[in-house]
Amino acid sequence: MDHEGAVPIAELLDERRHLLDIAFWVTGDSGAAEEVVAETYRRWYALSAPERRCVTAPRAWLVQVGGAVCLSRSTLSGPRDGHSEGIGTAPGTVAESMGCTEPEPERSEPTNPVDQALRSLQGRRSRPTTTERHDTVVQAVQQACATEDPASLAALLAPDAIAFFDGGGKVRALTEPVHGNERIAHCLLTLLARRPRTSLHTRSVNGRTGLVARYDDQVAAVIGLDVAGHRAVQVWVVLNPDKLRSWNPQDASGRR
């Protein structure tokens, strides 16, 4: 199902910070640490979907691969060309070591989710909603998420709603669009699971009311909603740290 793999924000950010800390400890350089973590997640997404499902401890898998990338960098001789493909432990090797050797059918080029959304929106633009109605729906979504009420949240989403989760390959986020109000509600409630250091607020997002999720003092997700009538028909969840830079000032070390 397309909502498998949803992970709470707290887990996503703690995992990424842990990988950055390990990479920084080994390399001693924040820029190199970012490169190591980017390569580590690239190898995670290079696994087939069955292989990823077979990994029962993703964080341990990522730490193992990150360590291999660090080791490769430290022993790599000759000038660097700026690319890290092909160095260290291959994704399939780690998967095979964990018994994940299930073959996957031949892959086709993925459909651009933005194109999908634009096509889906064409018919819905004929049912515009007022700014007041948009704000009311977004505030109700925020309340349903805060109270962890799946029924109320699903009722605020169109039955054929679609959600996109943009992790940019930099965090372990969902990669495929999620279809249907109940599945989207499940994913949002999992992502925004109430934790002591996680909070959700209404803020202006691209000129309209949206949602901003924080973990500690860091913006971890920005959520935009397209509303038609009395329900949200499109949900856009930005988790990519690169796209959230304008929301997160750098600390003194320049790391995020």
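The chat below goes through the sheet, the helices on it and the aromatic side chains of a predicted model.

Reader: What does the secondary structure of the protein come to?

Author: Nine helices and six strands, in a model that is predicted. The protein has 256 residues, and 44% of them count as buried.

Reader: Contacts between residues at least 6 apart in sequence: what percentage join residues at least 24 apart?

Author: That comes to 65%.

Reader: Now the sheet. What is the strand order?

Author: The order is β2-β1-β6-β5-β4-β3, in an open sheet with mixed pairing. At the edges are β2, residues 178-179, and β3, residues 198-205, each of which pairs on one side only.

Reader: Which strands run parallel?

Author: β1 and β6 do, and six bridges join them. Within that pairing, I162 has Q234 of β6 as its bridge partner.

Reader: What is the bridge partner of I162 in β2?

Author: H179. β1 and β2 pair in the antiparallel sense, over two bridges.

Reader: What holds paired strands together in general?

Author: Backbone hydrogen bonds, in either a parallel or an antiparallel arrangement.

Reader: How many bridges between β4 and β5?

Author: Five, in the antiparallel sense. One of the partners there is V219 in β5, which is bridged to R214. The two strands form a hairpin with two residues between them, and D216 in the turn has a positive phi of about 60°.

Reader: And β5 to β6, parallel or antiparallel?

Author: Antiparallel, with seven bridges. A228 has R231 in β6 as its bridge partner. This hairpin also has two residues between the strands, and G229 takes a positive phi near 70°.

Reader: How many residues of β5 are buried?

Author: 11 of the 11, so β5 is largely enclosed by the rest of the structure. β1 is mostly covered, with seven of its 10 residues buried.

Reader: Changing topic: how many aromatic pairs are there?

Author: Two. W44 and W61 form an edge-to-face pair, 5.4 Å centre to centre with 70° between the planes. This pair links distant parts of the chain, since W44 is in helix α2 (residues 30-46) and W61 is in helix α4 (residues 58-75), 17 residues apart.

Reader: Are those two buried or exposed?

Author: W44 is buried, at a relative accessible area of 5%. W61 is buried too, at 0%.

Reader: What is the geometry of the F164 and W236 pair?

Author: Stacked: 4.8 Å centre to centre and 25° between the planes. F164 lies in strand β1 and W236 in strand β6, so the pair ties together parts that are 72 residues apart in sequence.

Reader: What does W247 touch?

Author: S204, V212, V219 and V222, leaving aside residues up to four places away in sequence. The C-alpha atoms of W247 and V222 are separated by 9.2 Å, and the two residues are 25 apart along the chain.

Key. Residues numbered from 1 in each chain as written. Predicted model: local features only at pLDDT ≥ 70, side-chain atom pairs only at ≥ 80, totals over all residues. Heavy atoms only, no water. Pairing = 2+ DSSP bridges. Helix = DSSP H or I, 4+ residues; strand = E, 2+ residues; numbered from the N terminus. Phe/Tyr/Trp six-rings, centres within 6.5 Å; stacked < 30°, edge-to-face > 60°. Buried < 20%, exposed > 50% of the residue type's maximum accessible area, 1.4 Å probe, protein only. Contact = heavy atoms within 4.5 Å.
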